[in-house]
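Colleague: I am new to reading helix packing. Can you take me through this one?

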Amino acid sequence: MASRSFVAVSLLSFLFLFSSASGALPSDSDKVSLGLYYESLCPYSANFIINYLVKIFENGLISIVDLNLVPFGNAKIRGNNTIDCQHGPAECLLNTVEACAIDVWPDLSQHFSFIYCIETLVYERKYPQWETCFEKLGLDPKPISDCYNSGYGKELELKYAAETNGLQPPHKYVPWVVVDGQPLYEEYENFISYICKAYKGPSIPSACNELSLNTIVKENVNPAGPVCYTEETIKPTLSSIIGSTIKAWMQRMNRAALI
């Protein structure tokens, strides 16, 4: 089996060749928008990127997709615009590094391969080795270092914070997947079916032919795949559990008193 590092390099080569054949691609107006709101150290975000999102590159569906990656997730903006990340300072670092990559290398063939490489290391619990991705992909680390150290990376993160916090309806967890403005909630792993259903271009990609397009988004169902919840989602859930426990205990005490 090929290593994920080899997959990242192969993906970069494929995307370069793919972008060179742009004459055969659908117009931008035909493309389906796909937004991924995530945070770098959420293992479930990493899982989605390297085991699910990558499929649109492997099956060619990327040709009809306008992909928007937003590395901010469940982080919070505190006083003086400081950023508090759910998985600590290391996540803030990698969120910013990935934001810088998207800005420094706007070409999808570069920034997605770089993010894929980092998230593979996150998935394998080797994320302290993230800088090896520069060498693996033949990328110059200086533009990323300059972006981060100059403070521009933080400006990018504040921009992504505004985009994430402006979502309607608000996100409840990450990965939070949105197709043409519609969040997929618990159906996020089935995102390819939603892309195919939303596509209104001249010809349906072959990757869509074998899929069931009978898709219904349900807003208040627990996600089928694991996720990293926001604090706002966790707290009411915990409160409701405590409340239910107390209520059940009181009912048992009342029944005992009647015996």
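Modeller: Start with a pair of helices. Helix α4 (residues 89-104) and helix α8 (residues 152-165) pack at an angle of about 95°, and their axes are 9 Å apart. Helices here are DSSP runs (H or I, at least four residues) and strands are runs of E (at least two), numbered from the N terminus. Axes are lines fitted to C-alpha atoms, for helices over the stretch in contact, and angles run from 0 to 180 degrees between N-to-C directions. This is a predicted model, where local features need pLDDT of at least 70 and side-chain atom pairs count only at pLDDT 80 or more, while totals for chains, interfaces and linings use all residues. Residues are numbered from 1 along each chain as its sequence is written, and side-chain values use heavy atoms, with hydrogens and water left out.

Colleague: How are α4 and α8 oriented to each other, roughly parallel or roughly perpendicular?

Modeller: Angles under 35 degrees count as roughly parallel, over 145 as roughly antiparallel, 65 to 115 as roughly perpendicular and the rest as oblique. So α4 and α8 are roughly perpendicular.

Colleague: Which residues of α4 and α8 meet?

Modeller: Contact means heavy atoms within 4.5 Å. From α4 come Asn95, Thr96, Ala99, Cys100, Ile102 and Asp103; from α8 come Tyr152, Gly153, Lys154, Leu156, Glu157 and Tyr160. These contact residues divide into six nonpolar, three polar and three charged. Ala, Val, Leu, Ile, Met, Phe, Trp, Tyr, Cys and Pro count as nonpolar, Asp, Glu, Lys and Arg as charged, and the others, Gly among them, as polar.

Colleague: Which residues of α4 are buried?

Modeller: Buried means under 20% relative accessible area, exposed over 50%, partly exposed in between (1.4 Å probe, protein chains only). The buried residues of α4 include Leu94, Val97, Ala101 and Ile102. Glu91 and Glu98 are also among them. The buried residues of α4 pack against several elements, including β1 (32-38), β2 (65-71), α5 (108-123) and α8.

Colleague: What about serine 109, buried or exposed?

Modeller: Serine 109 lies in helix α5. Its relative accessible area is 5%, so serine 109 is buried. Its side chain makes a polar contact with the side chain of aspartate 107 (2.9 Å). A polar contact is a pair of N or O atoms within 3.5 Å; within protein, one must be able to donate a hydrogen and the other to accept it, and residues adjacent in sequence count only if both atoms are side-chain atoms.

Colleague: How much of the chain counts as buried?

Modeller: Of its 259 residues, 42% count as buried. The chain has 10 helices and eight strands.
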